[in-house]
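Me: Please take a close look at one part of this model, the aromatic residues and what surrounds them. I would like one connected account.

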Amino acid sequence: MENASILICDDSIEEIRVIVSALKQQDYRLIIAGNGKDACDRASLLKPNLILMDVRMPQMDGFTLAEKSVKINPDIPFIFLTARKLREDKLIGLKLGADDYIVK
C-alpha cells in the first residue's frame with residue numbers, strides 16, 4: 001500500500017520547513033505548495049489524504065482553498081495551521097468544514 005500523502009500549503013518557507021521536519025519521520029509522502037492556487041491544483045491532481053493549510057496566502061487564501069477543496073473532493077480532510085487567532089476566523093474555518101483549526 002502506498003504511503004499516505006499530506007499536502008502542506010503555506011507561503012512561508014520557514015513554516016513549511018517546521019512542518020516537514022515534524023512529519024518526515026512518519027514516512028508520509030509530502031506535497032508542498034507555496035500558495036492557495038498551487039495547492040488547489042495539486043489537490044485536484046494528486047488527491048492527498050490530508051491538507052494542512054495556512055489562512056493568509058497569495059493568489060488564493062486558505063478559506064477559498066477550503067471551499068474549492070470541499071467541492072473537488074469532500075472526503076479529503078483539511079486542517080488550518082495559521083497565525084490568525086481571531087475567534088471569527090476559527091468559526092469561519094470550521095464552518096467551511098475544517099477538521100481542526102490550529103493556531104501556530
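Reply: In this predicted model, ring pairs join Phe63, Phe78, Phe80 and Tyr101 into a cluster. Three aromatic pairs are found in a search of the whole structure. One of them is formed by phenylalanine 63 and phenylalanine 80, whose ring centres are 5.5 Å apart; their planes stand at 70°, over the 60 degrees required, so this pair is edge-to-face. Phenylalanine 63 belongs to helix H3 (residues 62-72) and phenylalanine 80 to strand S4 (residues 78-82), so the pair links distant parts of the chain, 17 residues apart.

Phenylalanine 80 also pairs with tyrosine 101: here the ring centres are 5.7 Å apart and the planes are at 50°, so the pair is tilted. Because phenylalanine 80 is in strand S4 and tyrosine 101 is in strand S5 (residues 100-103), this pair ties together parts that are 21 residues apart in sequence.

The relative accessible area of phenylalanine 80 is 0%, that of tyrosine 101 is 4%, and phenylalanine 63 has a relative accessibility of 13%, which counts as buried because the limit is under 20%.

On the helix side, phenylalanine 63 is one of the buried residues of H3, together with Gly62, Leu65, Ala66 and Ser69. They span an arc of only 155° around the axis, and therefore lie on the same side of H3. The elements they pack against are strand S1 (5-9), helix H2 (36-46), strand S3 (50-53), S4, helix H4 (87-95) and S5. The N-terminal end of H3 is capped by aspartate 61, which has a side-chain oxygen 3.3 Å from the backbone nitrogen of phenylalanine 63.

Phenylalanine 78 is the remaining member of the cluster. Apart from neighbours within four places in sequence, phenylalanine 78 has contacts with Leu50, Ile51, Met53, Ala66, Val70, Leu96, Gly97, Ala98, Asp99 and Asp100.

Phe78 and Phe80 are also among the residues with the most contacts inside the largest nonpolar core, which has 21 residues; the others are Leu7, Cys9, Ile51, Met53 and Leu65. At least two residues of this core come from each of S1, strand S2 (29-33), H2, S3, H3 and S4.

Key: Residues are numbered from 1 along each chain as its sequence is written. This is a predicted model: local features need pLDDT of at least 70, side-chain atom pairs count only at pLDDT 80 or more; totals for chains, interfaces and linings use all residues. Side-chain values use heavy atoms; hydrogens and water are left out. Rings of Phe, Tyr and Trp (its six-membered ring) pair if their centres lie within 6.5 Å; planes under 30 degrees apart count as stacked, over 60 as edge-to-face and the rest as tilted. Helices (H or I, at least four residues) and strands (E, at least two) are DSSP runs, numbered from the N terminus. Buried means under 20% relative accessible area, exposed over 50%, partly exposed in between (1.4 Å probe, protein chains only). The arc is that of the directions from the helix axis to the C-beta atoms. Contact means heavy atoms within 4.5 Å. A polar contact is a pair of N or O atoms within 3.5 Å; within protein, one must be able to donate a hydrogen and the other to accept it, and residues adjacent in sequence count only if both atoms are side-chain atoms. A nonpolar core is a set of buried Ala, Val, Leu, Ile, Met, Phe, Trp, Tyr and Cys residues joined through side-chain atoms within 4.5 Å.
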